[in-house]
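Open the model in your viewer and keep the selection tool at hand. We will go from one stop to the next.

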Amino acid sequence: MTAVELFSQHHEEMKTHDSQSNFYRNLIPLELPKEGEQYSFEVDLSACTGCKACVTACHSLNGLDENETWRQVGLLQGGTSEEPIQQTVTTACHHCLEPGCMQGCPTKAFEKDVITGIVRHLDDQCIGCQYCILKCPYDVPQYNKSKGIVRKCDMCSDRLAEGEAPACVQSCPNDAIKIAIVNQSKIAMINSVQKLLPETPTDEDTSPTTQYIRKEALPTNALPADFFSSKPKDPHIPLVLGLILTQLSVGVYIGEWMSTSSVFNPYLSAFALICALAAIAASTMHLGRPLYAFRAVLGFKTSWLSREILAFGGFAFFASLLTASHIMIDSEKLFGKTLPFIDKITPYLDFIQFMAIGTGLVGVLCSVMIYHDTKKSLWNFYWTGPKFLLTTAILGTSTYLLISSNAAFYFETSIEMIRTMSSNLLSTIIVLTALKLFYDASLFLSLKDKVFSIEKRSSLMIIKELKKPAIVRVVSSLLGGIVLPIIFISLATLTEHLHIFALLSFILLIIGEFSERYLFFRGIVTPNMPGAVVT
Amino acid sequence: MISSKIKPLFNALTSILHQKQGKYTSELLRSPGEFGLGQVPLKWKPTGATNMICGFCATGCSLKVHLKDKQAVNLSPNIDYPVNLGMACPKGWEALSPLKSDERAGFPMIKDGKGGYKEISWHQALERFTDKMKDTQKRHGKESVAFLSTGQIPTEEMALLGALTKFGMGLLHGDGNTRQCMATAVVAYKQSFGFDAPPYTYKDFEESDVIVLVGSNMCIAHPIMWERICKNPHNPEIIVIDPRKTETAMSATQHYMIDPKSDLVFFYGLARILINNGNINEEYIAEHCNDFETFKEHVQDYTEEMVFEKSGIPKESLHTLADTIAAGKRVSFWWTMGVNQSHEGVRVAQSLINIALMTGNIGRPGTGANSITGQCNAMGSRLFSNTTNLLGGHSFESADDRKKIADITGIAVENIPDKNGYAYDQIVDAIDKGEIKALWVIATNSAHSWIHHNKFKDTLKKLDFLVVQDMYQNTATAKEADLILPAAGWGEKDGTFINSERRIGPIKKIAKAPGQAMADFFIFKLIAHYWGVGEMFKEWETPEKVFQILKKLSRGQPCDFSGITDYKMIDEQGGIQWPYAEGENDTSNERRLFSDGNFYHKDNKAKFIFESPKKLPEPCSVEYPYTLLTGRGTSAQWHTQTRTKQSDVLHKLYPENIYVEINPENARSLHIKPYEKIRVFSKRGTVEAQALLTPTVKPHQIFIPMHYKDINKLTFPSFDSYSRQPSYKYCAVNVEKIEQI
């Protein structure tokens, strides 16, 4: 008999009895929550000494992937040299009353149990868009790259259903984690007047139900150990592309509408449509499970992401119609053939254009709302709205100039017209670019503040860790949107090279806008649960 | 009829649109685990389970390994063990992860002459080992070969190594890394009590009403012992004596932030107050102790003013502490590295022993002068490594002891050395001087953990031949080796450990070692064979057989455990503490020593030992005005991290790169911002680390965790004169901004 066989036989007798229950019996509720109540985590901070067994127990007892953890332990430090304070804080999911994850999910892949209040993620419904991670003020859901979905703490609901404590509750040597029953309206009221802990997000929005208890109050200068260490976040490149290209596309169609001439419409519309479709492809590539993207409209009742998808879906439809119409109307000029049903189209052209621009603008506004709705102050309407709308205007105008000048040059048509329009277009670009650069730069006013505000932290990160992309952003837009146009306008000799200048300017502006959007994602700083020391 | 076809179709369509079940949901399904477990992940549902002692710290928690087809798939803490009562710290939970690393040594390797290594066969490796070692001995003498061992292999392996080297190979010098953590406690106990005997059982944590923790950050270093304190129903005073406001100090009822290394003055001053207030147990002293009167006289010099001057603790506070101890019915004193790793650690430990003795706080539940051990089997090393003590806690210098060992093992008494060999630091010096030319390092990472790294690095280069036997092939020390022998780790071999409360517990083979890596036990057996002394160790066939030999060696000693039948008995009883002699009546599973007041000296009395404090080996100066403190960073890191960094989860639970805790006042005057990279330097070396501004460390003191390789570039090589333990916890440094160009 091997030693292993010998010893494991002895334990056959203990087959059905979960001996650990002796220790966690008074750490979980004896009965189910009633109406208006739910389960919540109750953490005794005075008992938590930061051993982090809760993290590893959750990992092992739930069979998580090698690198995956659903619980985290952070640190608060403060006080004075005479009375120093350090406090470890353990956190998993807060099973909020109004979960941000659930509200933002485009595929309705979250549900909040009616009886227990546990917010559960439906792993097989998930398409891996990761919006829930942005919507959760506490970064609770974890993206699992190999599976293409997110996963998160479910308060070990199966265990609780059988009267067994969640892994973290079972494993804390100091009994610091309990499952309590809370009154939901009481929690909502508490959250409307106070935060969970120093530097945590404003809680009215999602109303977390976790309660942190401590014998003595924390000192007022208590700060998370990672407060001064901002790390750039995920750039979400597919989303950067998607946003830039949709905004460019919508801008072009608006430009067409505003323009007095419709000569270049086929070219403009075709280019804009390609960009729109490329944007949709790029955004879909952001998904962990793109094949299930069709589910993304399910959440339109609550999710701005679903609404954006619907709006841009409509936009793609009407933009295609519009582009097709423009091409068919000018088919004589383009292909030398007149199509017979043109007369049937022309009455509806205005309507199609209205719908295309309408859905496009609604789409862009939904894009803005997607980020505003995350309640991250640097992503609110006042930062995001101008950024996205100015991208629409700047890139729309620049593309208009690019396409029309190059179409004019290569197909030798209406060259004079575009040259006349060019100074208007270039002036528009100069003003809009300057406006946007100044507006974006206003963030750096916070650098002079003594207080380490969110704005200041983001500004510092941009000038330090994100210095290179920041320089690219400013230099490209400055050159492409202001310097080059001014040079062109001032020197009449350059007029015949308009199409080249337009191309250069366009490329530089694209780089500039792309960098702006890249910094938008990477430079985000938000209040969060206290993190650990991070070096 | 139609609806019966439509419904499933409808369900199928709905499920494509909104899917509640599927393969991803199934991934996380849980099921009852059986074997006394709650729900476990279904994919890892065990078909068997077995319990064994964790291989990290000396708390000695029992872990239940979940087995599927006899291989380990998962683990959780064992509920039915008197040590950890169903709990474990994150290292224990992740004990299986380090086994699967890519950095495991799977094959013997030698330097390939091009800066790398090449694999060789075991036969070649063993021949090379014996040839080079014997050759070195021929040219430079038998004692020119030495070994450095560890506190993290089973006792059976330690004994075999110790016997093989000293009796079979003729080595004289060998030590273990226990020198770096426990030697002070060993010597303190030996001198005071007559034998290296930590007297407590963990139940004492629950039974004490005044718990004094000296130089112990228990919440981080021994979280499961802290668990036992949490279970104490007497609402005890928890008194922490530590220069930093550690996690443990945060949970204390009283915290004395004494200046670093002012311990001796502090505790003598404390003793003086207790004595002068009459808060001593005169009866106990008279019956069970020697030399109290001289001690009483000695402490009179340590007035409240002197204590305040040296330690920063004012008179009122010192009296509060004294009053608390006086009022306590069951006062216990616990210490670990803060005391042990000091230039006068032995005397500090004894100052605590003295207070326990004179207040009669020893031998009763909830009392004691209790040294907490560091490594999982340091206790086994102290008794059976054959380094400072002859096997079984005997003395090399005693002819009677040598004869006893010779008779039990059947090894000729001439083979047993009649004197002690060098301690770790003396071995390092001997290598430096050219006295020792070949070194065999087993399961320890000296190139990271030894003090004054820059000198050690140079010293290692002077060796003719360095053999490193380890689980991993790229530890800092393995990278210097001429020959690497791949060893199996915890979970891949059998044996026993002894934990901090003297409890013997089993470890078992529940996984296969990678490649051709072998248990150290069998590597030693093979070396014995190749060396030509296989016959000498004929009876040392398996760990279980060696255990029987150890039993015999322990007979008649204070650590006598000859009453334990075999491994099965240990497993069934939930670990067994020594002493457990034959005919032992007391079968309670939580026993302590000295309940009858009898100590191990010939007259059964304990001794009061004391001495004037020594000068600080490297005091602060104008050039180096900061004190460097070192210690444990998190409970997710184990020492030099050769194992813990292999676990992805543990890796997330500690700061990746080296950092230094500095007081915000100091940072402000130096214009150092949070997380800024700064330079920390001593006379011996420079380190760049990120600054963590925190008031938990006092002004002009800084703290750097020991887990980062560079830390020992700074430390100062002073050693306790009695225990030869390195003093890691104090050296003089300076701190400066790194100027941006």
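**Stop one: a charged patch**

Select B:Lys457, B:Lys461, B:Lys479, B:Lys645 and B:Lys709: together they form a surface patch of positive charge. A patch takes residues with over 30% relative accessible area and no salt bridge, and joins like charges within 9 Å. A salt bridge puts a side-chain nitrogen of Lys or Arg within 4 Å of a carboxyl oxygen of Asp or Glu.

This is a predicted model, where local features need pLDDT of at least 70, side-chain atom pairs need 80 or more, and totals for chains, interfaces and linings use all residues. Residues count from 1 along each chain as written, chains are lettered from A and ligands numbered from 1 in written order, and side-chain values use heavy atoms, without hydrogens or water.

Helices are DSSP runs (H or I) of at least four residues, numbered from the N terminus. Buried means under 20%, exposed over 50%, and partly exposed lies in between (1.4 Å probe, protein chains only).

**Stop two: a buried lysine**

Move to B:Lys91, in helix H3 (residues 90-93) of chain B. B:Lys91 is buried, yet has no salt bridge. Its nearest side chain of opposite charge is B:Glu247, 12 Å away. What is B:Lys91 in contact with, beyond four places in sequence? Its partners include B:Phe56, B:Trp638 and B:Leu650. Contact means heavy atoms within 4.5 Å.

**Stop three: chain A**

Colour chain A by secondary structure: it has 18 helices and ten strands (E runs of at least two residues). Of its 535 residues, 58% count as buried.

Conventions: Patch = residues over 30% accessible without salt bridge, like charges linked within 9 Å, V, L, I, M, F, W, Y side chains within 5 Å. Areas by Shrake-Rupley, 256 points an atom, 1.4 Å probe, with all protein chains shown as cover. Lys, Arg positive; Asp, Glu negative; His and termini not counted. Charge placed at Lys NZ, Arg CZ, Asp CG, Glu CD.
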